[in-house]
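Dear colleague,

Please find the structure below. My notes on it follow.

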Amino acid sequence: MKSIRSYAKRRRRQVVRNRISVSFRKKLIVNSTKSEDIFLLLLREVKKLYYPKLSISFQKRWTAAYEMYISDFYFKDYHCTIEIDGGYHISKEQRSKDLQKEGFLYLKGIRTLRIVNEQVAKFTVDSLKEFLERNLILS
């Protein structure tokens, strides 16, 4: 009987965490940065022009395992996340958090690619296609 109660208690905590995560993720989607919006538009254009039949599925603001971390873009078929990093990622505190997140995702078998805002601004459809082919092994 004790194990049933402890399971129910854990499950309730998980449901509460899920609700918090969903509402937080929605806020992040609404308040996405200019670089994230540009990257998303380029990504959709690359998919439409070069890979219309290939299933390159990605999610924006994907919630990593058990709602511990939220990634900017997640490519499920390639087990890879892409993070668009702004200026605040230079600070020691943020770098530490980023490394912790990358380590957690790595243990789950998910690679993390980081792109700085300046690099996103320089991307064209063709250069993003090359970047994806090089890093996600698209064919």
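Lys129 sits over the face of Tyr50, at 4.9 Å from the ring centre. (A charge sits over a ring if NZ of Lys or CZ of Arg is within 6 Å of the ring centre and within 35 degrees of the ring normal.)

Some background. This is a predicted model: local features need pLDDT of at least 70, side-chain atom pairs count only at pLDDT 80 or more, and totals for chains, interfaces and linings use all residues. Residues are numbered from 1 along each chain as its sequence is written, and side-chain values use heavy atoms, with hydrogens and water left out.

Now the aromatics. The structure has three aromatic pairs. One of them is Phe39 with Phe73, a tilted pair: 5.0 Å centre to centre, 55° between the planes. (Rings of Phe, Tyr and Trp, the last by its six-membered ring, pair if their centres lie within 6.5 Å; planes under 30 degrees apart are stacked, over 60 edge-to-face, the rest tilted.) This pair links distant parts of the chain. Phe39 is in helix H2 (residues 34–50) and Phe73 in strand E2 (residues 70–75), 34 residues apart. Both Phe39 and Phe73 are buried (under 20% relative accessible area, 1.4 Å probe, protein chains only). Phe39, Phe73, Phe123 and Phe131 form one aromatic cluster.

The overall fold: five helices and four strands. (These are DSSP runs: helices H or I, at least four residues; strands E, at least two; numbered from the N terminus.) From the N terminus, the order is α-α-β-β-β-α-β-α-α. Of the 139 residues, 36% count as buried.

Best regards

Methods:
Buried < 20%, exposed > 50% of the residue type's maximum accessible area, 1.4 Å probe, protein only.
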